[in-house]
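Please look over the sequence and the structure shown below.

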Amino acid sequence: NPVVSLMAEEGIRAGAAALPTLHEEARNLDARSDALYAAWLCGMVLGATTMGLHHKLCHTLGGSFNLPHAEVHTVVLPHALAYNAGAAPDAMERVGRALGVGADNVPSAMQALARRFGAPTSLAALGMPAEGLDRAADLAVQNQYANPRPLERAALRALLTPAELRVFARLD
């Protein structure tokens with residue numbers, strides 16, 4: 001839906017723009033207002049759409065391995081973006097515009113944003129056991145969510161490997 005797509009793009013832009021100031025001045029009311037605006041927009045988008053690979057993996061990893069919800073989302077997002085990039089070029093263009101990068105650089109820009117502000121960038125840092133990655137891939141292909149690219153076990157296992165090792169790789 002074009003309205004939801006606009007809200008998503010603006011939410012990403014506003015959130016990314018608010019982060020530098022919030023990181024330096026957590027009590028800055030203008031930056032907090034911008035972050036709240038971004039959160040509201042993104043919340044409205046979540047309520048108007050379905051969840052895909054990113055959410056599926058995060059629920060699988062968090063629920064099966066007792067990993068912290070928000071942090072798992074931060075770690076997995078760049079890899080889920082890379083996985084879906086070829087199947088969702090319009091979405092990648094919008095996210096790229098919101099972040100001020102080209103569509104091909106969206107996954108690495110998202111990971112760089114997390115790293116810049118000290119967010120976790122590996123599943124290992126969250127306590128994910130390396131021996132659980134095969135089980136996670138098996139679980140993720142069960143009861144699949146709608147996703148622009150079909151969820152394939154081998155491709156998901158490949159996605160989890162760089163997420164575990166802190167090595168970002170485009171997954172085409």
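In the protein chain, residues 24 or more positions apart account for 69% of the contacts with a separation of 6 or more, where contact means heavy atoms within 4.5 Å. This is a predicted model, in which local features need pLDDT of at least 70 and side-chain atom pairs count only at pLDDT 80 or more, while totals for chains, interfaces and linings use all residues. Residues are numbered from 1 along each chain as its sequence is written, and side-chain values use heavy atoms, with hydrogens and water left out.

**Whole chain**

- The protein chain has eight helices and zero strands; helices (H or I, at least four residues) and strands (E, at least two) are DSSP runs, numbered from the N terminus.
- Along the sequence the pattern reads α-α-α-α-α-α-α-α.
- The C-alpha trace spans about 45 × 35 × 25 Å along its principal axes.
- The radius of gyration of the protein chain is 16 Å, which agrees with the value near 16 Å for a compact globule with 172 residues. This radius is taken over C-alpha atoms, and the globule rule is 2.2 Å times the number of residues to the power 0.38.

**Helices α1 and α2**

- Helix α1 (residues 2–24) packs against helix α2 (residues 29–48) at an angle of about 150°, and their axes are 8 Å apart. Axes are lines fitted to C-alpha atoms, for helices over the stretch in contact, and angles run from 0 to 180 degrees between N-to-C directions.

**Residue E9**

- E9 is found in helix α1 and counts as buried because its relative accessibility is 15%.
- Leaving aside neighbours within four places in sequence, E9 is in contact with R94, R97 and A98.

**Residue G62**

- G62 lies in helix α3 (residues 53–65).
- G62 has 17% relative accessibility, so G62 counts as buried.
- The C-alpha atoms of G62 and V72 are 7.0 Å apart, and these residues are ten residues apart along the chain.

Technical notes. Buried means under 20% relative accessible area, exposed over 50%, partly exposed in between (1.4 Å probe, protein chains only).
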